[in-house]
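Biologist: Before I use any of the terms for this model, I would like to hear what stands behind each of them. Could we go through them one by one?

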Amino acid sequence: MKKLFFILLINLFPAQESWTLKQCLDYAAANHPLIKQSTVNIRKNEREISAAKGMLLPSVNAGVSHNYGFGSSINQNTNQRESINTQYDQIYAQANWELMNWRNYLTISLSKINKESSVYKMKLAQNEVKMNVIMMFFTYQNSKSWLEVLQTQISGIEDQIKRTEKEVEIGNRPKSDVYDIKANLGTMQEQLVSAKNLKDLSKINLLNALAITKDTLDFIMPEEHLVDSNFNNANFVQNLLEKNPAYQAVLKQIQAQQKNVDIARSGYLPTLNGSYTWSSFYNKILGQPAADFSEQIKLNKNQQLSFGLNIPVFNKLQVKNNVEIAKLNVINSNYDKEIIINDLTKSINSIKAQFLNAQEKYNLLEANFENQKLSFQKSEEKYKEGLMDAYTFFLVRNNWLQANYNLINSKNDVVQQTELLRVLENEL
């Protein structure tokens, strides 16, 4: 019976799935709403290309009308105005074609540039989502590590209180040792509550970065081997800058604005239009015999082919102003480029500085950790031999646990900067 209850309990409360950073990044890159929106924008740009190409095709319309006339009208048989009631039916088909309009060809080119720009913007969205996930992931790992350190410290304090109380009973320790240790337990427990809250909040932020609304996951940190980055390369920043999607997107934006200048100038150019119309009609006087419908349609057929050349002469200075506005947009886009270069240079150099600082800090903490570990081992021996009081041993033990957390935190910082750098180094 107990076994059956245990099986049911497992089915009701399944174990949380554990994700590594790679799994988080893969999920976010495929499922985050910002990236899905970018994908839709690419499809919209593809439709805009198709629509622009469609402007090179003729438009064809067909129609039919059925009319009655009462009173004074032209008698089709005598070609005289009479007071008669008539029925008039007309059918027609018409095709209009812009045979030459340079604006249509430029619009196709602009649509293609916009599609390329949307691809870079999608890549930019992926990078931004990934970088946010990376920062939230390591914030969570650090908060989880700090909580584990506090739990270990409190557990050690509670065990130490029990041991010290026994030693006090047999007279090996003074009563003050117990008071000294208990005085720090309350403070540690208060820190534990804050650490639990910090861990919960950091997990909420990580789930939000992943666009996951249900807390069904845990996030683990696999063993990472620290690697060196090629920061010493003289072209390091420039190389990352040139292949960054934000930089590529702003270049496409400039190209699009330059194309808009050409589109505005096309308003100075003439356009050539052609049209073809086929029509026929059926007419009869109501109450009188009339010719057969199909016969009249055959007899009254009419075809018209026309060409028109439209030459702009004066358009209230609208084309001139549109051209000047388009030129100003090009200038503005070049300033956008300078802003992007400035921001990206700052971001890349910041990652570089933080990586080098974290790496140096980790090396120092690694050496300090070994010293703290040896100090703890020696102090533990002294405590067991009665050569060290409980409070001093408590401080030494906590210093070692704190050094352990600092080392983990520093290593996480190095790995975090490495992962951020990998995002920037991804080829487009």
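Modeller: Helix α9, residues 318-384, has 67 residues and reaches 93 Å from its first C-alpha to its last, and a helix here is a DSSP run of H or I with at least four residues, as a strand is a run of E with at least two, both numbered from the N terminus. This is a predicted model, in which local features need pLDDT of at least 70 and side-chain atom pairs count only at pLDDT 80 or more, while totals for chains, interfaces and linings use all residues. Residues are numbered from 1 along each chain as its sequence is written, and side-chain values use heavy atoms, with hydrogens and water left out.

Biologist: What is the reach of α9 close to?

Modeller: The 93 Å is close to the 99 Å expected at 1.5 Å a residue, where the expected span is 1.5 Å times one less than the number of residues. After α9 comes G386, whose phi is positive, near 80 degrees.

Biologist: Why are β2 and β6 said to stand at the edges?

Modeller: The open sheet has 4 strands in the order β2-β3-β5-β6, with antiparallel pairing. β2 (59-75) and β6 (302-310) each have a single partner strand, so one side of each is left without a neighbour in the sheet.

Biologist: What makes β2 and β3 a pair?

Modeller: Pairing requires at least two DSSP bridges between two strands, and β2 and β3 (residues 80-100) have 17 bridges in the antiparallel sense. S73 stands opposite E82 in β3.

Biologist: Why is A51 called partly exposed?

Modeller: A51, in helix α3 (residues 33-54), has 48% relative accessibility and therefore counts as partly exposed, the class between buried, under 20% relative accessible area, and exposed, over 50% (1.4 Å probe, protein chains only).
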